[in-house]
Amino acid sequence: MIIDCHGHYTTAPRQHDRWRAVQTGGPDADPPYPAISDDEIRESIEANQLRLLRERGADLTVFSPRASAMAHHLGSEAVSQAWTRRCNDLIARVVALFPRYFVGVCQLPQSPGVSVANSVAELRRCVEELGFVGCNLNPDPSGGHWTAPPLTDRAWYPFYEAMVELDVPAMVHVSGSCNACFHATGAHYINADTTAFMQFLEGDLFRDFPTLRFIIPHGGGAVPYHWGRYRGLADMLGRPPLREHVMRNVFFDTCVYHQPGIDLLFKVIDLDNILFGSEMVGAVRGIDPETGFFFDDTRRYVDALNLSDADRHKVFEGNARRVYPRLDAILKAQGR
């Protein structure tokens with residue numbers, strides 16, 4: 001089967017976004033939430049993500065709230081808590097309606113200057129009560145000003161302890177940018193992917209948490225393109241080789257939107273560290289005039305690599321099952 005590890009609910013019913021506008025514009029952190037019918041959710045999914053999933057030949061998407069709308073920099077901690085809960089509950093409804101096509105990954109109620117330990121309760125709720133298989137962790141809740149400590153800082157450890165206990169990975173995923181210097185999806189996202197990897201390289205996080213797992217999206221940002229730089233920096237900084245120091249715990253997806261980029265990713269990064277992903281109906285939705293196909297139809301790029309059957313299985317399915325053991329359990333329970 002083909003598992004897409006990177007999907008967002010970018011087509012949620014309009015009432016959901018209107019509620020957010022009311023919430024962030026008024027004094028009430030959790031105003032009355034509008035009624036959204038199952039039929040409205042079905043329509044939003046069937047006409048978009050599910051249609052494309054079928055057309056492009058994938059089987060299941062690891063699905064989370066819209067990343068650019070997490071907007072942890074907006075409002076108080078109470079605002080973030082309420083917004084996060086509404087977003088995650090909506091994902092749970094999608095999964096309940098389409099259990100063979102979607103599994104949930106949760107947004108977290110992070111806020112600038114607030115301990116990430118305050119996000120543990122929502123992680124537990126989503127994993128233990130809603131059946132989610134992972135989370136999206138924002139390394140920069142300030143929205144482009146980078147006021148949070150590095151991901152290797154002990155301030156993050158209470159959250160990592162919960163991740164290890166629950167045996168769930170985190171996708172390192174920033175949200176919108178409120179810094180005019182950084183376009184959200186063109187600069188801030190790729191900056192964050194690259195920055196997270198460098199933080200892991202500099203620290204010793206995986207010595208303290210040897211089973212902790214992170215997915216760095218968008219093909220790892222600039223990392224595969226500058227792999228020699230990072231190998232050299234590891235050597236200069238007295239770190240072990242990257243394969244030992246970082247790559248037992250860090251994985252990249254295939255959200256790279258042209259063939260040469262995918263070719264490079266697979267040439268540089270070990271197959272065991274690559275998970276198929278598309279982020280379709282996401283940051284880049286148009287058709288590539290050079291190919292006539294959608295930029296985010298990433299299966300085409302992987303298929304063009306002529307991988308062996310064993311390697312295709314790793315990238316399309318096996319690695320995702322290994323990185324997301326709760327996903328593997330769900331699929332086995334479904335007979336897949």
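Author: The count comes to 22 salt bridges. A salt bridge here is a side-chain nitrogen of Lys or Arg within 4 Å of a carboxyl oxygen of Asp or Glu. The model is predicted, so local features need pLDDT of at least 70, side-chain atom pairs count only at pLDDT 80 or more, and totals for chains, interfaces and linings use all residues. Residues are numbered from 1 along each chain as its sequence is written, and side-chain values use heavy atoms, with hydrogens and water left out.

Start with Arg86 and Asp30. They form a salt bridge, with the closest N and O atoms 3.1 Å apart. The pair links distant parts of the chain, 56 residues apart: Arg86 is in helix H4 (residues 77–97), and Asp30 is in the loop between helix H1 (14–25) and helix H2 (38–46). Helices (H or I, at least four residues) and strands (E, at least two) are DSSP runs, numbered from the N terminus. Arg86 is partly exposed at 24% relative accessible area. Asp30 is also partly exposed, at 38%. The cut-offs: buried is under 20% relative accessible area, exposed is over 50%, and partly exposed lies in between (1.4 Å probe, protein chains only).

Next, Asp89 and Arg125. Their closest N and O atoms are 2.9 Å apart in a salt bridge. This pair also links distant parts of the chain, with Asp89 in H4 and Arg125 in helix H5 (residues 120–129), 36 residues apart. Asp89 is partly exposed at 27%. Arg125 is buried at 9%. Both belong to a network of salt bridges that also takes in Arg85 and Glu122.

A further pair is Asp208 and Arg154, meeting at 3.7 Å, N to O. They sit 54 residues apart, Asp208 in helix H8 (residues 205–208) and Arg154 in the loop between strand E4 (134–137) and helix H6 (157–166). Asp208 is partly exposed at 32%. Arg154 is exposed at 59%.

Now the surroundings. Contact means heavy atoms within 4.5 Å.

Then the sheet. It is open, with 8 strands in the order E1-E2-E3-E4-E5-E6-E7-E8 and parallel pairing. Its edge strands are E1 and strand E8 (274–275), each pairing on one side only. Two strands pair if DSSP finds at least two bridges between them. E1 and E2 (residues 60–65) pair over 5 bridges. There, Tyr9 has Pro65 in E2 as its bridge partner. E1 (residues 3–9) has 7 of its 7 residues buried, so it is largely enclosed by the rest of the structure.

Further along, 2 bridges join the parallel strands E5 (residues 170–172) and E6 (residues 214–216). Ala170 stands opposite Phe214 in E6. H6 packs on the sheet, touches E4, E5 and E6, and its direction makes about 160° with that of E4. Axes are lines fitted to C-alpha atoms, for helices over the stretch in contact, and angles run from 0 to 180 degrees between N-to-C directions.
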